Amino acid sequence: MDETAQAGTEWWVWALLIAAVVLGLVGFYINWKTRRLPGEHVFQASRWTRGNRIFPAQVQITPQSVTMLQPQWIGKREESAHIAHISSIEIDTNMVFSDVSIETTGGHNPLVCHGHTKGDAVRIKHTIEQFQSEYYGRPKA
């Protein structure tokens, strides 16, 4: 085989190897950024919906607060509200996925998360209402 043809073949092999390594690292980074938050009541949006293609949003509910986390390429966007400051929860059910809007008493923009299944959206609402009932000392309905 000619030396120039062999050098050309080596170049393509190295280019493919580098591309595979870069794609592998990007895939690992995306998987690392979208790992599930700790806790029992964590709801992750579907990747099939707007704003969630690469980094799906997650809603974490604890007895003290509701947190919406939206990972980004660099950093994350996190919004949180104390359980006592949640005034209403709106579920907009579309054909397949639901949008959840959580209003607060502070007059701030609502926590809005797109792309949850209908079952997850209903569980988000019931979990928040359960924790609010426990917080205010009322029996569950």
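Me: A nonpolar core is a set of buried Ala, Val, Leu, Ile, Met, Phe, Trp, Tyr and Cys residues joined through side-chain atoms within 4.5 Å. How many residues does the largest one have?

Reply: This is a predicted model, in which local features need pLDDT of at least 70 and side-chain atom pairs count only at pLDDT 80 or more, while totals for chains, interfaces and linings use all residues. Residues are numbered from 1 along each chain as its sequence is written, and side-chain values use heavy atoms, with hydrogens and water left out. Val59, Ile61, Val66, Ile86, Ile102, Ile124 and Ile128 have the most contacts inside the largest nonpolar core. Its total number of residues is 19.

Me: Which element gives the most to this core?

Reply: Helices (H or I, at least four residues) and strands (E, at least two) are DSSP runs, numbered from the N terminus. The elements giving two or more residues to the core are the strands β2 (58–61), β3 (65–71), β5 (86–93), β6 (97–104) and β7 (111–117), along with the helix α2 (118–136). With four residues, the element that gives the most is α2.

Me: Which isoleucines are in contact with Val66, leaving aside its neighbours within four places in sequence?

Reply: Contact means heavy atoms within 4.5 Å. On that test, Val66 touches Val59, Gln60, Glu79, Ser80, Ala81 and Leu111, among others.

Me: Is Asn52 buried or exposed?

Reply: Asn52 sits in the loop between β1 (42–44) and β2. Beyond four places in sequence, its contacts are Ala45, Ser46, Arg47, Ala57, Gln70, His114 and Gly115. The cut-offs are under 20% relative accessible area for buried, over 50% for exposed and in between for partly exposed (1.4 Å probe, protein chains only). Because its relative accessible area is 2%, Asn52 is buried.

Me: Which backbone nitrogen does the side chain of Asn52 reach?

Reply: Ala57 is one of the residues in contact with Asn52. At 3.0 Å, the side chain of Asn52 reaches the backbone nitrogen of Ala57.

Me: How far apart are the closest N and O atoms of Arg77 and Glu79?

Reply: Arg77 is partly exposed, at 42% relative accessibility. Glu79 is buried, at 15%. They form a salt bridge in which the closest N and O atoms are separated by 2.5 Å.

Me: In which helix do Lys125 and Glu129 lie?

Reply: The side chains of Lys125 and Glu129 meet in a salt bridge, 2.9 Å from N to O. Lys125 is partly exposed at 27% relative accessibility, and Glu129 is partly exposed at 31%. Four residues, about one turn, separate them, and both lie in helix α2.

Me: How many salt bridges does a search of the whole structure find?

Reply: The number found in the whole structure is five.

Me: What distance separates the C-alpha atoms of Glu78 and Ile91?

Reply: Glu78 lies in strand β4 (residues 76–82) and is partly exposed, at 47% relative accessibility. Beyond four places in sequence, Glu78 is in contact with Thr67, Met68 and Leu69. Ile91 is 13 residues away along the chain, and the two C-alpha atoms are separated by 20 Å.

Methods
A polar contact is a pair of N or O atoms within 3.5 Å; within protein, one must be able to donate a hydrogen and the other to accept it, and residues adjacent in sequence count only if both atoms are side-chain atoms. A salt bridge is a side-chain nitrogen of Lys or Arg within 4 Å of a carboxyl oxygen of Asp or Glu.
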